[in-house]
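Subject: Structure handover

Hello,

Here is the structure I said I would pass on. Please open it beside this message and follow along as you read.

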Amino acid sequence: MYFRVHYFRLVCFALISSMTQIAGIQAQEKSSPIRVGIIGLDTSHAPAFAKLFNSPDAKGEMQYQQVTHAFPGGSDDIQSSYSRLPGYTEELNKMGIVIVPTIDELLKNVDAVLLHSLDGRKHLAQVIPVFKAKKPVFIDKPLAGTLAEAIAIHKLGKKYGARWFTSSSLRYSAEMIRYRESDEKRSTVRGAISWGPCSLEQTHPDLFWYGVHGVETLYTAMGPGCESVVRLSTENTDIAIGTWSNGMIGEFRGIRKYAAPYGLVVFGEKAVEIGGKFDGYAPLAERVALFFRGTYEGVSNEESIEMFTFMEAADESKRQGGKPVSLRDVRTKAEQVADAMVKDL
């Protein structure tokens, strides 16, 4: 009897000791925040994320992230970039964030990266040193300036074993993300219509610039699997209608004039649900923080590439006068261009 009691005490002691060590490691991890660097200070997303991560009242995983350094970047041929760059740079400087002259200098001082540059054309060149440095990176919208560049990012991510994801903040609004994080909700979706603002920027494909947010909303409800797209386009409105492999129809309506809130209608087996309210940046920032910690994988890279293929197919449909365009054909063409881009990188 003595030996049994003694053995039981030893087991309990070992278990408690092990749990204490684990708790101590976790506490140590939490007491040393992840150092985050920002590339691109020409968008409101940069100060928005910095404030969420650096706030003394930060919640959840965000309280264990700290933006410490930033590289301004900017684009001389996009008015909304160069006009806002000085103000946002000064705002982050006043927060105590170190402004550095190069991305290489940034990478020497951080553990993870927020690539916020407003100009998607900059993203491929800017993310390559991040990939090579093995830093996890969140790439803001739009992922790239062309579909071929987006695919090149995907290919180089695989080559360097990089961890990256991209997403609109709209995906993580409570009324939208439930269609992906709830098995019950996801299984009932039979079609969807999303809508939102769709201003154009001459340096980017039509839907990449702002329509991307509404397209992300559509994909959040529908999931991947679109096969073809038809687009209708007028001066003030774009409509892109996709046919999915399982027979579902998904539609995005982009609005350039008049009221243009974000919204979503989901057609289900037993109900039609309307929602899609924008919940701010905090839900996305929390997922990014979890991604940096390594406990969340983010949106799959393949789904993000399909989204941009959807938008490029919509552009091609417009060029062809509204004819249906295959996503497979569009991606095959862009893959060939991307292969040439990454050949020596």
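How many Å apart are the mean positions of the positive and negative charges of the protein? They are 4 Å apart, for 40 positive and 40 negative charges. Lys and Arg count as positive and Asp and Glu as negative, while His and the chain ends are not counted. A charge is placed at NZ of Lys, CZ of Arg, CG of Asp or CD of Glu.

Before the rest, some ground rules. This is a predicted model, in which local features need pLDDT of at least 70 and side-chain atom pairs count only at pLDDT 80 or more, while totals for chains, interfaces and linings use all residues. Residues are numbered from 1 along each chain as its sequence is written, and side-chain values use heavy atoms, with hydrogens and water left out.

The whole protein

The protein has 14 helices and 13 strands. These are DSSP runs numbered from the N terminus: helices are H or I with at least four residues, strands are E with at least two. The C-alpha atoms fill a box of roughly 85 × 55 × 40 Å along the principal axes.

Buried residues make up 51% of the 345 residues. Buried means under 20% relative accessible area, exposed means over 50%, and partly exposed is in between (1.4 Å probe, protein chains only). The accessible surface comes to about 16200 Å², and carbon and sulfur atoms hold 55% of that. These areas come from the Shrake-Rupley method with a 1.4 Å probe; for residues, only the protein chains shown count as cover. Of the contacts (heavy atoms within 4.5 Å) with a separation of 6 or more, 74% are between residues 24 or more positions apart.

In helix α4 (residues 85-94), the buried residues are Leu85, Tyr88, Thr89 and Leu92. Seen down the axis of α4, they fall within an arc of 105°, so they line one face of the helix. The arc is that of the directions from the helix axis to the C-beta atoms. An α-helix has 3.6 residues a turn, so residues three or four places apart point the same way. Exposed residues Pro86 and Lys94 sit on the face of α4 turned away from the buried side. The buried residues of α4 pack against β1 (34-39), α2 (45-54), β2 (65-71), α3 (79-82) and β3 (98-99). Just after α4, glycine 96 has a positive phi of about 90°.

Helix α8 (residues 174-181) has Met176, Ile177 and Tyr179 buried. Down the axis of α8, its buried residues fall within an arc of 145°, so they also line one face of their helix. Their cover includes α9 (183-188), β7 (189-197) and α11 (211-222), along with β11 (263-268), β12 (272-275) and α12 (282-293).

Alanine 50 lies in helix α2 and counts as buried at 0% relative accessibility. Beyond residues up to four places away in sequence, alanine 50 touches Ile38, Val67, Leu92, Met95 and Ile97.

Serine 317 belongs to helix α13 (residues 301-319) and is also buried, at 0% relative accessibility. With neighbours within four places set aside, the contacts of serine 317 are Val229, Val230, Arg231, Gly322, Lys323 and Val325.

Serine 167 is in the loop between β6 (164-166) and α8, where its relative accessibility of 1% makes it buried. Outside four places in sequence, serine 167 has contacts that include Phe138, Asp140, Glu216 and Val299.

Backbone points in the loops

Which residues other than glycine have a positive phi? Two of them are lysine 134, with phi near 65°, and tyrosine 258, with phi near 75°. Lysine 134 is in the loop between α6 (123-132) and β5 and is exposed at 54% relative accessibility. Tyrosine 258 is in the loop between β10 (249-255) and β11 and is exposed at 65%.

The peptide bond from lysine 141 to proline 142 is cis, with omega near -10°. Proline 142 is in the loop between β5 (137-139) and α7 (147-159).

Regards
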